[in-house]
Amino acid sequence: MAAAVVILAASVWWIILPQYSSALQTLGSLEQLSVYLLVLAVSLELASFVAYSALTASVLGTGRPSYLTLLRIDSSDVAVSHVVPGGGATASAVRYRLLQRAGVPPEKALSAAAIQISGSNLVLATLFAAGLLLSLTTISANVYYRTASIVALVALVATGVGIWFLTRHTTRTIQGARVIARRIPLVAEDWIETFLGTMAEQILQLVKRPRRIGLDFILAAANWLLDAAALWVLLAAFGHFLGIGPLLTVYGVACILAMLPLTPGGLGIVEGVMVPALIGFGTPAGVALLGVIGWRLVQFWMPIPLGAAAYTSLRLGLFRKKP
């Protein structure tokens, strides 16, 4: 919690306050802020959530809960991750529990979540790499972005190698995981074996159905691209039209860093990275600050009350008579 406060305070002091006067000038120069663009940004963000829950439904496959139930579970998951420091782990536990109560077997809930998160992050890394390639002439001399591109490439390769080894050498992978599990308190070897075995089986089933893999890729890409489009629209609402390369680069690196378990949903980190990065790509300082703040209002803060309402509806509806 202390780290989260320090990071947030540092972002406000070094990033937001220095651009405050520029933001006021930008607002003052706008004769009329387009309400249509603001509504479009909110709609794109909501569509991003819809796409992610569609991905959840696709990964779980047959016998899954209804889409509306999954949408409410995912909304609850996002809300928790945005209010708890390092909330990713806590949110995953809440999501796992809610999926169980909705009738998903424990092993399937865990393995499906692992596949979904790994695949989604793989797509994000790919979009980030595409942004880097499209912005190559702009960032070739920038050590920061060169380092970020190397990190993304390493993550991409490591994920691919891990999936390949798990599916080709499942027994050896499980044996190695059991050895590691013996050295980790509160981690059961049998649980690890069941989890990895189920995950390998689901991946192999996906490989046998290339259309499903294609659908999952499209849904994961839609989730990220719709979110990025909301950022683009809000920047456009304040008068700046960002290129697709810089957009994917800035968005990608911010989302990757937001996964660090330091602050809820990367609060302070995302803003601290995005604003100077956008300025570095030629976005006026005031527009960069207003655009990022506007985007974070719909991307970070809006899901909190929506998730709370979704969780309440689950507790008072579907889960009311369940233990």
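Modeller: Let's begin with V298, Q299, F300 and W301 in α14, which meet P303, I304 and P305 in α15 (contact means heavy atoms within 4.5 Å). Sorted by class, that contact has 6 nonpolar, 1 polar and no charged residues (Ala, Val, Leu, Ile, Met, Phe, Trp, Tyr, Cys and Pro are nonpolar, Asp, Glu, Lys and Arg charged, and the others, Gly among them, polar). Keep in mind that this is a predicted model, where local features need pLDDT of at least 70 and side-chain atom pairs count only at pLDDT 80 or more, while totals for chains, interfaces and linings use all residues. Numbering starts from 1 along each chain as its sequence is written, and side-chain values use heavy atoms, with hydrogens and water left out.

Helix α14 spans residues 285-301 and α15 spans 303-316 (helices are DSSP runs of H or I, at least four residues, numbered from the N terminus). Their axes come within 6 Å and cross at roughly 15 degrees (lines fitted to C-alpha atoms over the stretch in contact, with angles from 0 to 180 degrees between N-to-C directions). So α14 is roughly parallel to α15 (under 35 degrees; over 145 is roughly antiparallel, 65 to 115 roughly perpendicular, and the rest oblique).

Now for α3. Its axis comes within 10 Å of that of α6, and the two cross at roughly 130 degrees, which makes this pair oblique. The crossing is right-handed (the near helix is turned clockwise from the far one by less than a right angle). On the α3 side, Y52, L55, T56, V59 and L60 meet K108, A112, I115, Q116 and S120 of α6; by class these are 6 nonpolar, 3 polar and 1 charged.

Helix α3 also packs on α4 (67-81): their axes come within 9 Å and cross at roughly 115 degrees, again with right-handed crossing. Here F49, V50, Y52, S53, A54, T56, A57 and L60 of α3 meet Y67, L70, L71 and D74 of α4, a contact with 9 nonpolar, 2 polar and 1 charged residues.

The lining consists of T56, V59, L60, R95, L99, A109, A112, A113 and Q116, with α3 (35-60), α5 (87-101) and α6 (106-134) each giving two or more residues. Helix α6 has the largest share, 4 residues.

Conventions: 1 Å grid on protein atoms, 1.4 Å probe; cavity = no way out; pocket = protein on both sides within 12 Å on 5 of 7 lines; lining within 4 Å.
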